[in-house]
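Student: I'd like to learn how to read a structure one feature at a time. Can we walk through one together?

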Amino acid sequence: MAGVDLTDIDGIDKSAALKILSEVGLDMERWPSAKHFASWLGLCPGTKISGGKVLNRKTKRIPSAAAMAFRMAAFTLMNSKSALGAYCRRMRSKLGSPKAITATAHKLARLVYSMLKHGSRYVDEGQDYYERQYQDRVMKGLQKKAKNMGFMLVPAGAVSESQHTENCAGIG
């Protein structure tokens with residue numbers, strides 16, 4: 001009916017897809033971007049700032065059946081072996097379980113928006129692919145920080161034993 005299969009996304013089953021489509025509809029032209037869509041659902045962090053001081057960062061309380069369906073779908077991803085499951089577990093270790101569920105629901109809402117708006121398909125790359133991407137991002141960040149401080153990162157296996165003894169000869 002929608003032209004795409006929302007159940008291809010891990011965590012979203014038939015009943016969740018029907019609930020989302022019944023609440024949201026098929027016309028995504030009402031929202032200029034996926035960020036607007038997620039904000040309308042109440043899945044974005046709020047930032048109440050006054051005088052440069054952050055007063056509140058809680059998400060908006062919007063009683064939406066679609067938002068609840070996204071949160072339930074995100075909750076089911078906690079033990080999934082997919083890229084979304086790895087994302088949910090990483091967010092849980094960083095933010096705690098309730099915020100991780102909201103962050104994963106936000107990601108699911110953005111995926112559904114792009115699928116319905118552009119007619120694209122969702123292809124899960126898997127947990128290992130997501131972990132490799134995450135490690136590459138962390139490594140690039142560390143190399144950039146080291147370069148800014150005047151250091152150079154060298155992988156542990158790249159330094160030979162003779163170079164190590166030459167470098168350590170002057171110490172002590």
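This is a predicted model: local features need pLDDT of at least 70, side-chain atom pairs count only at pLDDT 80 or more; totals for chains, interfaces and linings use all residues.

Student: Which residue in E2 is the bridge partner of isoleucine 49?

Tutor: That's valine 54. E1 and E2 form a hairpin, with two residues between them. Have a look at the turn too, where glycine 51 has a positive phi of about 65°.

Student: Where else can I look at a glycine with a positive phi?

Tutor: Go to the residues just after helix H6, where glycine 150 takes a positive phi of about 90°.

Student: And how do I read the length of H6 itself?

Tutor: Compare the end-to-end span with the expected one. H6 has 22 residues and reaches 32 Å from its first C-alpha to its last, close to the 32 Å expected at 1.5 Å a residue.

Student: On to charges. How many salt bridges does a search of the whole structure find?

Tutor: It finds two. For a salt bridge, you look for a side-chain nitrogen of Lys or Arg within 4 Å of a carboxyl oxygen of Asp or Glu. Aspartate 8 and arginine 121 meet in one, at 4.0 Å from N to O. This pair links distant parts of the chain, 113 residues apart: aspartate 8 sits in the segment before helix H1 (14-24), and arginine 121 in the loop between helix H5 (97-118) and helix H6 (127-148).

Student: Are those two side chains buried or exposed?

Tutor: Aspartate 8 is partly exposed, with a relative accessible area of 30%, while arginine 121 is exposed, at 66%.

Student: Which residues make the other salt bridge?

Tutor: Glutamate 29 and lysine 117, whose side chains meet at 3.9 Å, N to O. Here too the pair links distant parts of the chain, 88 residues apart, with glutamate 29 in the loop between H1 and helix H2 (34-41) and lysine 117 in helix H5. Glutamate 29 is exposed, with a relative accessible area of 58%, and lysine 117 is partly exposed, at 27%.

Student: What about rings? How many aromatic pairs does the count come to?

Tutor: Four. One of them is tryptophan 31 with phenylalanine 37, an edge-to-face pair at 4.9 Å centre to centre with 70° between the planes. Both tryptophan 31 and phenylalanine 37 are buried. Trp31 and Phe37 also belong to one aromatic cluster with Trp40 and Tyr113.

Student: Why is the pair of tyrosine 87 and tyrosine 130 edge-to-face?

Tutor: Check the angle: planes over 60 degrees apart count as edge-to-face. The planes of tyrosine 87 and tyrosine 130 are at 85°, with ring centres 6.4 Å apart, so this pair is edge-to-face. Tyrosine 87 lies in helix H4 (residues 83-95) and tyrosine 130 in helix H6, so the pair ties together parts that are 43 residues apart in sequence. Tyrosine 87 is buried at 14% relative accessible area, and tyrosine 130 is buried at 7%.

Student: Which residue lies over the face of tyrosine 87?

Tutor: Lysine 107, at 4.4 Å from the ring centre.

Student: Last one: what is threonine 102 in contact with, leaving aside its neighbours within four places in sequence?

Tutor: Leu43, Thr59 and Arg71. Threonine 102 lies in helix H5 and is buried, with a relative accessible area of 14%.

Definitions and conventions: Residues are numbered from 1 along each chain as its sequence is written. Side-chain values use heavy atoms; hydrogens and water are left out. Helices (H or I, at least four residues) and strands (E, at least two) are DSSP runs, numbered from the N terminus. Buried means under 20% relative accessible area, exposed over 50%, partly exposed in between (1.4 Å probe, protein chains only). The expected span of a helix is 1.5 Å times one less than its number of residues. Rings of Phe, Tyr and Trp (its six-membered ring) pair if their centres lie within 6.5 Å; planes under 30 degrees apart count as stacked, over 60 as edge-to-face and the rest as tilted. A charge sits over a ring if NZ of Lys or CZ of Arg is within 6 Å of the ring centre and within 35 degrees of the ring normal. Contact means heavy atoms within 4.5 Å. Two strands pair if DSSP finds at least two bridges between them.
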